[in-house]
Amino acid sequence: MGVLRRQEKEISFFQMHLAGPIGNGIMREEQKRNEMIDSKTCTYGKIIWMGEHSVVYGHPAMALPLRTAKVHAEAVSSETDRLISPFYEGPLESIPTRLSALFDLIHQVRQSLDLSPQTITLTMNLPIGAGLGASAAIAGALVQALYRAKGVSPSYLELRNWIQTSETIAHGRSSGVDAAAVLSDTVLTYLKGRDPVPFQTRFNGYLFVADSGIFGSTKDAVEIVRKQMETEAGKNHIEALGNLAITFIDQVNKGMYDTVGPLMNQAQHHLRELGVSHPVLEEMIELALRSGAKGAKLTGGGLGGCMIAYADSLADLIAIRDAFQERGFQRHWLLDLEKEFAHVPVAIARAPINIALIKYWGKRNETEVLPTAPSLSLSLSRYETITRIAQSRNAGVSFRLNGIEEQAMLPRVKAFLTHFTQGEEPSGLSIESVNTGPTAAGLASSASAFSALAVAANAYFQTNLTLDELAAITRKGSGSAVRSLLPGAVAWKEDGSIETLKLPFDDLLMGILIVDEKKKAIGSTEAMKQTMLSSPEYSAWVDRTRLQFHEMKRALSHGDFELVGALAEENALALHRLCETAVPPIRYLSERSNAIIASIQSARRQGLFLAYCTMDAGPNVKVLCKQHEKEAIERWAEDHQFPIPVWSNIDRKGATLLDE
Ligand code: DP6
């Protein structure tokens, strides 16, 4: 029965991919690929989404290029053959036996081209033994470099055949899917012995790819499965994997993304039973599923290497990424399927939050958002906003924040975007934003939000603005947002310009004590206006802030941490005193905030630890200290039953596009 069902399914698979309009596209694709190979100088990593191992036994697979993980090779003629690469450097003749496939490949290609000996330099950011097709990608890059050295370029088929030959030497039994995938610009379906078929559909969702850091030998994995194929159970697992791949391809083709995750989970079950998973991969898969993935499985040979997880929203993708980062799985890739493979215009940017050490409180020009006094902040690495702008299928503009449709913020977002559309009402956009901080804790999320939105919009609308131009727009979203454009210590000056200042400490920490998660009673925009209009102390505060700004710059340039801290605390307390002189008075600090501040000051006097506090338009208290004080401060917080600080390092990236 099972066999019959599979045959039926396979027939529909062939019909769908080889006989229909997609099939007729193969010739055009082939030509396109030949042109592409002429101009391309690198090969990509690949991901097998579905069908690893069963593909060796004649079942279909779906694979895709991981274009951010690349291999590039350059060949120049030399006396003898040499290889310069991250994994081996020296004469080709002394290459270790485990790399003998490369030796054979270089020799054979050289011979066939009648090319003199070469020194080949390989550069790559694609890990080896991670199931991402490194051996195929390396082979592809080498062949292209040798052809280029001869002044010719290989046809697509020549290149694929060379890679395939080398793969067979390296892995024993090999299906050919890697050879096809590392050369592909698109998602493809693959059946052993046939040409790969580019797969086109309106892709949706995200893939999160993470490396276990454990070397997975494809050769060993293929051998394990070969042995399993001698048993009934093993055959059934391969059969089941084959059926799952067919259903999967069919479902993706129909846009039924709800089933993608469960099908991946089922495939993982069979791969596990076949014995090609690994305890660390299992741990990662569980972590991904717990963090919001709809499905997760190993990819490639297994026994280590990478795991892929499917997320259907940006919020889930970021939650998965953060969970992995927290658990120490540092090497990962994010793949926006719609952007990468559906040719939908998409831009994604991230920006850090920032906490001011010298506060901004008032605009001298409301339209241009120019401040009455300069301010100075630290961008923090832990909390950020990630914003994605994508062309939508309908004419309106939608805005989602942390996975939830946000009507209230929409007008402000739309108005902000008109700065990128020459004043025209933006349309046909789907905007999604994720704040990684505790959203309700008043952690200046509008700063990171408008900064990320500005950078994403600059890319999406292709406005190519300079930093100054971008800053002039960003501050119109929110004044403090302009400082989130830059990393480290950032000054925002009265003329509106921003600059990064040299930060002479590499061990700074900012701890956030969340005193109250409620939304602030009065927003900063209103509050600063009210203060400017009604406080008799306002102009004295401006004068003092200007002085403190210059002193702070000096303290930073001298690397004087105690002065930096003292100035920050003094400046923050002065702001809160100023707010109390407004009519009616504005109070952000609660009794608990004041108790925490007093206790920090007393701990400092007693020499318990060296930390300084700063507070913004809310009751939460931030402490600035050096790394080594962390434990002492946590103990102090525990002893006094104060909230334990949430720690953050200083951000080193600033606002950037996510794929940069
Ligand atoms: C207390 O930047 O939120 O955090 O420009 O009106 O949007 P608008 O105000 P906003 O004010 C931030 C005030 C502050 C101090 C600071 O970050 O400098």
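## Helices α5 and α6

A crossing is right-handed if the near helix is turned clockwise from the far one by less than a right angle, and left-handed if anticlockwise. In this predicted model, α5 passes α6 in a right-handed crossing. Helices here are DSSP runs of H or I, at least four residues, numbered from the N terminus.

Helix α5 covers residues 134-150 and helix α6 residues 156-171. Their axes (lines fitted to C-alpha atoms over the stretch in contact) lie 9 Å apart, at an angle of about 135 degrees. Angles run from 0 to 180 degrees between N-to-C directions.

Contact means heavy atoms within 4.5 Å. On α5, the contact residues include A139, V143 and Y147. Among those on α6 are L159, W162 and I163.

## Helices α6 and α8

Helix α8 spans residues 218-228. Its axis comes within 8 Å of that of α6, and the two cross at roughly 70 degrees. They are therefore roughly perpendicular to each other. I169, A170 and H171 of α6 meet T218, K219 and V222 of α8.

## The ligand

The ligand is surrounded by 14 residues (a heavy atom within 4 Å). Y360, K363, G479, S480 and R483 are the closest. Polar side-chain atoms of K363 and R483 each lie 2.7 Å from an oxygen atom of the ligand. For G479, a polar backbone atom is 2.6 Å from a ligand oxygen.

## Notes

Residues are numbered from 1 along each chain as its sequence is written, and side-chain values use heavy atoms, without hydrogens and water. Local features need pLDDT of at least 70, side-chain atom pairs count only at pLDDT 80 or more, and totals for chains, interfaces and linings use all residues.

Notes:
Polar contact = N/O pair within 3.5 Å; in protein donor to acceptor, adjacent residues only side chain to side chain. Parallel < 35°, antiparallel > 145°, perpendicular 65-115°, else oblique.
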